[in-house]
Amino acid sequence: MYTFWTTPSTQSCPGPRAAHSCDVIDMKLYVFGGWNGKKALNDLNILSVSTSVWTEVQPNPDAPSARNNHSTAVVDQKLMVHGGHDGNKWLADMYDVEEWSRSGLVVHHFLVHRVSDNAARKTTSTDGKSIIVVEFQRWRWSPGSGLDI
């Protein structure tokens with residue numbers, strides 16, 4: 001018999017949640033937001049796969065608001081966050097989060113940028129759908145004509 005699932009031993013695991021996102025950048029898992037059963041979250045937790053240690057990044061004033069059912073994608077080592085639900089209304093905003101660190105330092109700084117309001121207005125709330133980036137091409141599927149690149 002083969003064992004396919006294992007439970008890794010980690011330190012400082014974030015609390016339980018649903019409707020969050022999880023993306024991989026440089027062998028680290030980035031878990032953002034979600035719903036803890038009582039409220040939407042805007043915390044960012046990072047698991048270093050090599051050390052099995054979780055780090056919680058404290059939100060700054062530019063951080064995305066609390067949300068669940070949002071979409072994320074990684075583009076050029078940046079985590080893109082779009083839409084979601086804040087517990088009261090659907091959101092149509094977009095942020096990018098870029099990690100900045102100096103060689104040898106353990107402390108990480110995260111630069112958060114809100115994408116322009118014009119770009120956010122051109123989007124709609126994600127309603128649990130995904131952002132897909134494939135070699136910087138946008139793909140659209142329509143039932144009548146199939147895949148359009």
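## Strands β5 and β6

Strands β5 and β6 run antiparallel and are joined by 5 bridges, where strands are said to pair if DSSP finds at least two bridges between them. Within this pairing, Val75 stands opposite Lys78 in β6. The hairpin that the two strands form has 2 residues between them, and Asp76 takes a positive phi near 50 degrees there. Strand β5 covers residues 71–75, and because 4 of its 5 residues are buried, the strand is largely enclosed by the rest of the structure; buried here means under 20% relative accessible area, exposed means over 50%, and partly exposed lies in between (1.4 Å probe, protein chains only).

## Basis of the model

This is a predicted model, in which local features need pLDDT of at least 70 and side-chain atom pairs count only at pLDDT 80 or more, whereas totals for chains, interfaces and linings use all residues. Residues are numbered from 1 along each chain as its sequence is written, and side-chain values use heavy atoms, with hydrogens and water left out.

## Overall arrangement

The protein contains 1 helix and 10 strands, and read along the sequence these follow the pattern β-β-β-β-β-β-β-β-α-β-β. Helices (H or I, at least four residues) and strands (E, at least two) are DSSP runs, numbered from the N terminus. Of the 149 residues in the protein, 34% are buried.

An open sheet of 4 strands has the order β1-β2-β3-β4, with antiparallel pairing. Its edge strands are β1 and β4 (53–57), each of which pairs on one side only. Neighbouring strands of this sheet are turned by 25 degrees against each other on average, direction ignored; the axes are lines fitted to C-alpha atoms, for helices over the stretch in contact, and angles run from 0 to 180 degrees between N-to-C directions. Between β1 and β2 the antiparallel pairing extends over 5 bridges, and Val24 stands opposite Leu29 in β2.

## Nonpolar core and surface patch

The largest nonpolar core has 10 residues, namely Ile25, Tyr30, Phe32, Leu44, Ile46, Val57, Leu79, Val81, Tyr95 and Val97. At least two residues of this core come from each of β2 (28–35), β3 (40–48), β6 (78–85) and β7 (90–100). Such a core is a set of buried Ala, Val, Leu, Ile, Met, Phe, Trp, Tyr and Cys residues joined through side-chain atoms within 4.5 Å. Tyr30 lies in strand β2 and counts as buried because its relative accessibility is 4%.

On the surface, Tyr2, Phe4 and Trp5 form a nonpolar patch with about 580 Å² of accessible area together. Patches are made of residues with over 30% relative accessible area and no salt bridge, like charges being joined within 9 Å and nonpolar side chains (Val, Leu, Ile, Met, Phe, Trp, Tyr) within 5 Å. Accessible areas come from the Shrake-Rupley method with a 1.4 Å probe, and for residues only the protein chains shown count as cover. Tyr2 is found in the segment before β1 (21–25) and counts as exposed at 70% relative accessibility.

## Salt bridges

A salt bridge is a side-chain nitrogen of Lys or Arg within 4 Å of a carboxyl oxygen of Asp or Glu, and the count by this rule comes to 3. In one of them, the side chains of Arg17 and Asp43 meet at 2.8 Å, N to O. Arg17 lies in the segment before β1 and Asp43 in strand β3, so the pair ties together parts that are 26 residues apart in sequence. Arg17 is buried, with a relative accessible area of 18%, and Asp43 counts as buried at 13% relative accessibility.

Asp93 forms a salt bridge with Arg67, with the closest N and O atoms 2.8 Å apart. This pair links distant parts of the chain, as Asp93 is in strand β7 and Arg67 in the loop between β4 and β5, 26 residues apart; both Asp93 and Arg67 are buried. Lys89 and Asp86 also meet in a salt bridge through their side chains (2.8 Å, N to O), and Lys89 counts as partly exposed at 48% relative accessibility.
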